[in-house]
Structures are given as C-alpha cells and as structure tokens.
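Student: I have a protein model open and I am new to this. Could you show me how to read its features?

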Amino acid sequence: MSSPTGPANGLPVRMPRPRPAGRHRRPEPAVAPEGAPALVLAVPGAPSAASRGLAEEIISIGRSELPGLDARVGFLEGDDTEGSEFPSLSGVLTTVAAERVARAEFARAAGHDVPAPTGPDAVVVPLLAGPDADLLRRMRQAVMDSSAAAELAEVLGPHPLLAEGLHVRLSEAGLARADRARLFTVTTAADGIIVATTGGAEAVQVAGVTGMLLAARLAVPVKAAALDQEGSVAAVAEQLRSEGSTQLALAPYLIGPEAAEGLLDTAAKEADCAAAEVLGAYSALGKLVVTQYSAALGITQGAAAH
C-alpha cells in the first residue's frame, strides 16, 4: 500500500516535474489534425520481410513524431490480394479512400452533420533518399491507378540528417570517427569517400549535395557516383586517388529496398574500397518522412527543425 507521500516501503516516487513557464518552456508536440489525410509510405523494390520491417520501424518513429498520425505502408511491387502481407501502393490508397467515405457516411447515419470529405485522401511519401526518376514515375502511376485523391510528397533528401546518417554508418563500419569532438585516430578511417546512389543523373546530383554536408562533418574529400551506371564508382575512386586519397570508403546514399541485391558489393570490389551499410532504419528517416508529409499539407511540424 502506498501513501500520498510515497509507497509504504519508503522507496522514492517519481513525481511529475512542473512545466517551466515563459520563454524557455518547451513547445507542445504537434499533433495530426483530426481527419487529416493518411500518410502512405511508398516502399520500392521487391517486397520482403526485411523491407516490411524497415518500413514499419520508420512508420513507428513517424507516429512518435506526429501523434495521431494515420500511417500505412504500400509496396510499389506489392499485390492486391486481400490480406496480403505486402499490399500494393495503389491498393492501400484505394482502401484509404474507401474508409474515408465510409466514416463520413457512418457519421451522417448517426445523425451528425458531416460535410463530404475534401482535400486529399492520402499523402504518399516515397521511401527514397534521392529522386529516382523511374521509381517516382511508377509511384505516380500507382496513385493514378487507385481510386484515391492522393498527393505525392518530395523524396527525403538532400538533408543534413541524411549526412548525419551516412556519418553514423561509416563510423559503425570503422571508416570514420564517430564524433568530431573526439580527436583520437581511427586507424581504418577513410581519407576519401564515395557517396553512391541509384536513380540517374539527378539522383547523383542530390547525393552530391548531401555529400558536401558529409565532407564538412569529416573534413575529407567526398564525391558522388552512380551505382547503376557501369564504371561510375570505379571512375570516381580513381579520381579521388589521383587527388591524393589512399584509403577510400563507399557510403551508400540508399535506404535499402531501392537497390538491387549485390549492387553495392560489386561496386565496392570494382573500386577496391570498403563499404558502409545502407541507411536502413536510421531514426532520422522517420522524422524526415513526417516532415515531407507535413510540408505537403502545410502542417507546422517540429521535425524540420531537428
């Protein structure tokens, strides 16, 4: 039994701290507006348990960033079979639209004066670090194939949080210092980094922008290359070596599902360099997904400021 001052055994009780007042008071977290469109995360690549787990983890982080968020996962190469573990993007969008109409009809049947739904049924956020033209074209087609009124948000990069993610993955592989403030030497640290991506010239350009942010963090040369263009990574590696770099590292500017299996290993072997892991479920991706959703709807959301 406990008392107003604490439990009977005398152990301390964690009491809520008073909220600070004035200019230093922490802002209340943003909450998804009632009736806001669903966020549908568009996952590229061949569906798998790994890509589903990745998407669900990112969605979970997104919900913590924007409480009340209705978030779903749709696979670009999924199927429309009822109960499928890999539902197609177009199928998820059609379901979201039907549910929205059903909710309005149920409310009217219950005697509530509910106007017909307006605005988009959903905002589709591509699970892409950069603008892969082919994948974005297919996502637009999936939106058109559905019965939903949906908006396609921007891809996640370029962004300083993605440069941070690349830094983290390099440090995990022993290819970069974990913290600029620590002056110890990592003997395997790279003195030249190739930020490699897929998706064509525009995607490489965007990877280069994030690469510049990474270069500022690590104070080493960073250049972008195309994983899906034969010889591109090897050519950039040769350029870095000609400029004085002797220990190179490959930093994949990829979340994971969008890259064909074996592509990274082949590029690393051709360039004769070590490689870090893809960004994967790096926590900042959940923030960026919600940032793009919020930007598409004009919602003020704190993730953009992180």
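Predicted model: local features only at pLDDT ≥ 70, side-chain atom pairs only at ≥ 80, totals over all residues.

Student: How many helices and strands are in the chain?

Tutor: Helices (H or I, at least four residues) and strands (E, at least two) are DSSP runs, numbered from the N terminus. The chain has eight helices and ten strands.

Student: What share of the residues count as buried?

Tutor: Buried means under 20% relative accessible area, exposed over 50%, and partly exposed in between, with a 1.4 Å probe and protein chains only. Here 45% of the 306 residues count as buried.

Student: In what order do the four strands of the open sheet stand?

Tutor: Strands of a sheet pair through backbone hydrogen bonds, either parallel or antiparallel. Two strands count as paired if DSSP finds at least two bridges between them. The order here is E4-E3-E5-E6, and the pairing is parallel. Strand E4 (71-75) and strand E6 (150-152) are at the edges with a single partner strand each, so one side of each has no neighbour in the sheet. From one strand to the next, the twist averages 25°.

Student: How many bridges join E3 to E4?

Tutor: Five bridges join strand E3 (residues 38-43) to E4. Val43 stands opposite Phe75 in E4. E3 is also joined to E5 by five bridges, with Leu41 partnered by Val125 in E5. E5 and E6 pair over three bridges. There, Val124 has Leu152 in E6 as its bridge partner.

Student: Are the residues of E5 buried or exposed?

Tutor: Five of the five residues in E5 are buried. Ala122, Val124 and Pro126 are on one side, with Val123 and Val125 on the other.

Student: Which helix packs on the sheet, touching E3 and E4?

Tutor: Contact means heavy atoms within 4.5 Å. Axes are lines fitted to C-alpha atoms, for helices over the stretch in contact, and angles run from 0 to 180 degrees between N-to-C directions. Helix H1 (residues 49-65) touches E3 and E4, and its direction makes about 155° with that of E4. Helix H3 (residues 133-145) lies across E3, strand E5 (122-126) and E6, at about 175° to E6.

Student: How many aromatic pairs does the structure hold?

Tutor: A pair of aromatic rings is described by the distance of the centres and the angle of the planes. Rings of Phe, Tyr and Trp (its six-membered ring) pair if their centres lie within 6.5 Å; planes under 30 degrees apart are stacked, over 60 edge-to-face, and the rest tilted. The structure holds one such pair. Phe75 is in strand E4 and Phe86 in the loop between E4 and helix H2 (89-109), so the pair ties together parts eleven residues apart in sequence. Both Phe75 and Phe86 are buried.

Student: What covers the buried residues of H4?

Tutor: The cover includes strand E7 (192-197), helix H5 (201-218), strand E9 (248-252) and helix H8 (284-297). Among the buried residues of H4 are Leu161, Leu162, Leu166 and Leu170. Just after H4, Gly174 takes a positive phi of about 75°.

Key
Residues numbered from 1 in each chain as written. Heavy atoms only, no water.
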